[in-house]
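Please look through the sequence and the structure shown here before reading on. The report below then takes up a few features in turn.

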Amino acid sequence: MNTEPSTDTHVVRQAIAWWVRLRDGQAPAQLMRQCEGWRAAHPDHERAWQRIQLLDAELGHGLKAIPAARQTLEAGQRALSRRRAIQLLAGSAVIGGGLWMTRGNSGLGWASDFATATGQRQRFTLPGGAALTLNTHSTSDLLPQGVRLKQGEWLLETDKPVQLACRLGALTLAHGRMALRDAGGLAQLSLLRGRADLAGRPLREGQTLRATAAGLRLVTPELDPAAWAEGLIVTSGMPLGHFLDELGRYRRGVLKYAPEVAGLMLSGVYRVDDSDTVLHALTQTLPVQLGGLTRWWVTVEHAG
Amino acid sequence: MPSTCVHTLYQHHHGWLYHWLRSRLGNSADAADLAQDTFVRVLQKPQRPALMAPRAFLGTIARGLVIDHWRREELRRAYLQSLALLPPAQVPCPQTRELLLELLEQVARMLDGLKPRARLAFLLAQCDGLSHAQIAGQLQVSVRTVERYVADALYRCYLLRYEH
């Protein structure tokens, strides 16, 4: 979501007109000077101009990296138009049918998924009052007697017993607070407070149990397992590569890094909701630099 | 809007919405996903909507999500077909594929509603890097017209990128 004030339509239109005139790169020097004059005439002009440049870079950088991007977009659009046309024909009849079917069906209520998009966190209240918070890109189903965790990361807080089904097995949180994760190649659960058992095996407060190739193991996690619920990544020492993999879970675009920077160690507290700032901060504390910083494409490389 | 309000909306209308979506999508898993997404959208709305007609309200959100869902499906199909033509070494890994698809989807949403020729002019410029003169030649229109097409498309992208 963009919270900056919007720029006047007329100014945006003017900025685009300048950009279009200069796009072909053979504009006469006089025209370029006129454009510079327009940009300097008001801060809003310069701001709109910069935004156009950024937008053009984002689109161009991403689209040119995709073979046959134009053909793919055109084919997708044609197929979508066909489906839309069919939907318009069917529309009124279907709505009528839907209204008719609704009677006696409100019991279906909680039968389907909870879900969050990339970069989103959301807290849900389960029947019975337990609070389930989903981290970025997570899904779960409500079962008649509890919750199934499908993919992503969750925080469950309850004062009554809740049954959970996850990759590690069937578990009961009698009361307290538990963080669970099945994302980015890591399946684990951490009992932060209270009482719980996994397939009859009691867990102790503060324990983290992780699924490994050799079975379930008690581990010391390199990340605070529940800090994400406050929008934070908290680590007291982890390799940069793992950190960027983690940060990438909150970004919609590509976040890549060169192999030679993957082993650099870092620790600290980072805000996931402003990952661009986090990436810039890394260049201050580690010998790294950023390449192609756009919403859709960032690379972290060795500096110098 | 307060989550208790959404809770009530959910209890009274989720069943209806699910069936409405299922009749449209012909698939119960997708219908369940989109019904859920519809309520997630409602929760994200900063203002309390006019709940005089809750089903019309939910239906409007859900209709948008159905279109998004179809757009994603069709783009995925078209993208996989284009990958099939590439030498195996150039096919990106599944994770990169998902991200590139997401970019394509964003662009497709930005360009949605543009006239086909304006859309094509913009894509020839952005994807293929053609000059306005080359695009004018290909579309059999004047350079001025191409400039207008590209400007209109860029304006639409601008609004979606910065004003939402």
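Which residues of H5(B) are buried? This is a predicted model, in which local features need pLDDT of at least 70 and side-chain atom pairs count only at pLDDT 80 or more, while totals for chains, interfaces and linings use all residues. Residues are numbered from 1 along each chain as its sequence is written, and chains are lettered from A and ligands numbered from 1 in the order in which they are written.

The buried residues of H5(B) are B:Ala118, B:Arg119, B:Leu120, B:Ala121, B:Phe122, B:Leu123, B:Leu124, B:Ala125 and B:Gln126. A residue is called buried if 20 or more other C-beta atoms lie within 10 Å of its own, exposed if 12 or fewer do, and partly exposed in between, with C-beta atoms placed from the backbone. Because 9 of the 11 residues of helix H5 (residues 116-126) of chain B are buried, this helix is largely enclosed by the rest of the structure. Helices (H or I, at least four residues) and strands (E, at least two) are DSSP runs, numbered from the N terminus.

E6(A) and E7(A) form a hairpin, with 2 residues between them.

Two residues of chain A deserve a look at their backbone angles. A:Ala68, in the loop between H3 and H4 of chain A, has a positive phi of about 55 degrees although it is not a glycine, and A:Ala68 counts as partly exposed because it has 17 C-beta neighbours inside 10 Å. A:His137 lies in the loop between strand E3 (131-134) and strand E4 (139-143) of chain A, and its phi is near 50 degrees, again a positive value in a residue other than glycine. Most residues other than glycine have a negative phi.

Methods. Two strands pair if DSSP finds at least two bridges between them.
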